[in-house]
Amino acid sequence: MCGIVGYIGQKDAYPILIKGLQRLEYRGYDSAGIALINGDTRTYKTKGKVSDLENYCEGKNISGSIGMGHTRWATHGEPNDVNAHPHVSMNGHFVVIHNGIIENYGRLKSRLKTRGYNFKSETDTEVLANLIEYIYLKGKVSADVAVRLALTKVVGAFGILVACKSENNKLVAARKGSPLVIGVGRGEYFFASDASPIIEYTDSVIYLNDNDMAVVTKDSLQLMTINNDKLEPKIQKLNLDIGEIEKGGYDHFMLKEIFEQARSINDTFRGRVSFDKQSLHLGGLYNVTDKLVAAKRIIIIGCGTSWHAGLVGEYLFEELARIPVEVEYASEFRYRNPVIYKDDVVIAISQSGETADTLAAIKLAKENGATVLGICNVVGSSIPRETDGGVYTHAGPEIGVASTKAFTAQVTVLTMMAVILGEKRKTISQEKYLKLIEDLTLIPDKIDKILSYNEMFKHISEKHKDSENFLYLGRGFQFPVALEGALKLKEISYIHAEGYPAAEMKHGPIALIDENMPVVVIATHDKSYEKIVSNIQEVKARKGIVIAIVTEGDTVLKDIADYTLEIPEVSEELAPLLTVVPLQMLSYYIAVLRGCNVDQPRNLAKSVTVE
Ligand code: M6R
């Protein structure tokens, strides 16, 4: 939710900021702006994308070796030029960019108004800029002290960069709840919401923790807490390849990421599947294995696609390890006073590791004494730092807003966990344990095989791109996949889509079915196969259009369904890793054919760091 980038050094800041904003645009893209400092301070901002900002800056003075940039996902105030960041304080002393929400902005704004401040925008960020300025002028303190004191008065989440007109050789950075990374170069520093804008300049980074603040000139960095305790910066090495964050010849990041899934799942396996395929090891769980094995209950929390992965996890843990599982939306869990026992194991799933609701749910679980584990993709993000243990998915950077390879990597990790637990709890036989490991390692090649049916995905998409509604049905392990398929379609193509357990169709959704309704049914060979064939018959009897995801060689459904999309033979427990792939491809092509912006769908952002 909003991307921030900054530079202080000897180079021209402008190209570094623009490139950085392009990398962060997945975080928000309704308006963008920059501030450049070169003796004087200039801000340029506009509604629209980073490319609109570049056009806007053409012919303007873009000099300056200090600067900051912002790409916005609106929270307070509609997307327009005025609400775009940076925000300049009323008397022009401070320039601020911000990712997060100042929850008490209303009260702070009223107080500042009584002290003569007026406001141009509707944003909470302008309130912060004015608060900093008020403290600076009234208290006659330095810029960094003013920032620090202002932050002690703020309730909410922030990742901020601040520049001061009269102390124009430094930038002040601070974070609470919204991520901020500082890249350390020679005589220069870089700032960003994630490491992607920094990687081509330096691999030495400092991840700010909550309540950290850094005062940075081109030659120095002082780190402290917002309460003014001095801190020693901890420089870490980045393990990220520039190729991973570029499109690599694909039209969209989403397509690239779908096609990367064989590779990303192999990366998830790396170092975890033994060379002889006889055992699985998840190093991040070593110190909590006993708790997991003894767990009376697992609670899985997440949002969106990560929640869907959690639902697959429920089927896996219950089937293979016989541990009862509850799957909760993090946003519901955190506010509904849930019953949490000390011997519960809570697993938080998140691609970004920064989702605000998931972080708050983790906090609640910890306060209640549960053991909390994370399954995250972004290394060094907040969730892995807040949890007692966990597993990185290692899917590599996911830039497309629609989550694809992160989902299959999350499900891969959950499968490995369930298989390990099943073996340790003796709820699966040794033979089944070995078979599941063997079958898991075959998944990447099977995904590549499914992706070779590209023309079929395009053909079906062409035929049904203009439908107004879609229904997705699945049973058992395939029910969460049906939900995920519906989410993929609606978020990038804006077609209304619903996912249902197939048997529930009779309890309402069947009323929607007519000759205009495409129904995507996951009908692979498993114990519900006969039942789902009956569900398909029920759809056909009402003239619905059936797109069936079937197991290779299925002849029954070839005769009944309007279209069949095949997946290779696979055990029931691992099938979600394959059946989701055709659904991702259908969504992708339908969205492209409808002229939608696949990687940056309207109203969405990749990482939801506000509640
Ligand atoms: O980073 P997270 O996995 O915590 O994000 C959760 C959701 O915001 C995310 O999965 C969202 O639903 C995706 N856009 C789905 O494609």
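Is Lys170 buried or exposed? In this predicted model, Lys170 has a relative accessible area of 14% and is buried, since the limit for that class is under 20%.

## Salt bridges with buried partners

Lys170 pairs with Glu167 in a salt bridge whose closest N and O atoms are 2.7 Å apart. Glu167, with a relative accessible area of 17%, is also buried, so both partners fall below the 20% cut-off.

A second pair of this kind is found in helix H16, where Glu484 and Lys488 lie four residues apart, about one turn of the helix. Their side chains meet in a salt bridge with an N to O distance of 2.6 Å. Glu484 is buried, with a relative accessible area of 0%, and Lys488, at 1% relative accessibility, counts as buried too.

## A link across the sequence, and a network

Glu573 and Lys432 form a salt bridge in which the closest N and O atoms are 2.7 Å apart. Because Glu573 lies in the loop between strand S25 (563-567) and helix H19 (576-593), while Lys432 belongs to helix H14 (residues 430-451), the pair ties together parts that are 141 residues apart in sequence. As to accessibility, Glu573 is buried, with a relative accessible area of 7%, whereas Lys432 counts as partly exposed at 31%.

The count of salt bridges comes to 32. Some residues are joined in a network of such bridges, which links Lys256, Glu260, Arg263, Asp267, Arg270 and Lys405.

## The ligand and its shell

The ligand is surrounded by 15 residues, of which the closest are Ser306, Ser350, Ser352, Thr355 and Glu491.

In the side chain of Thr355, an N or O atom is 2.4 Å from a ligand oxygen, and a polar side-chain atom of Ser306 lies 2.6 Å from an oxygen atom of the ligand. For Thr305 it is the backbone that takes part, with an N or O atom 3.0 Å from an oxygen atom of the ligand. On its own the ligand has 410 Å² of accessible area, and the protein covers 92% of it. The elements that give two or more residues to the shell are helix H9 (304-321) and helix H16 (478-493); helix H16 also holds the pair Glu484 and Lys488.

## Backbone features in loops

The peptide bond that leads from His85 to Pro86 is cis, with omega near 0°. Pro86 is placed in the loop between strand S4 (66-72) and strand S5 (87-88).

Positive phi values are found in residues other than glycine, including Asn211, with phi near 75°, and Lys277, with phi near 60°. Asn211 is located in the loop between strand S11 (204-207) and strand S12 (212-217), and at a relative accessible area of 34% Asn211 is partly exposed. Lys277 is found in the loop between helix H7 (261-269) and helix H8 (289-294), and Lys277 is likewise partly exposed, with a relative accessible area of 31%.

Key. Residues are numbered from 1 along each chain as its sequence is written. This is a predicted model: local features need pLDDT of at least 70, side-chain atom pairs count only at pLDDT 80 or more; totals for chains, interfaces and linings use all residues. Side-chain values use heavy atoms; hydrogens and water are left out. A residue is near a molecule or strand if one of its heavy atoms lies within 4 Å of it. A polar contact is a pair of N or O atoms within 3.5 Å; within protein, one must be able to donate a hydrogen and the other to accept it, and residues adjacent in sequence count only if both atoms are side-chain atoms. Accessible areas come from the Shrake-Rupley method with a 1.4 Å probe; for residues, only the protein chains shown count as cover. A salt bridge is a side-chain nitrogen of Lys or Arg within 4 Å of a carboxyl oxygen of Asp or Glu. Buried means under 20% relative accessible area, exposed over 50%, partly exposed in between (1.4 Å probe, protein chains only).
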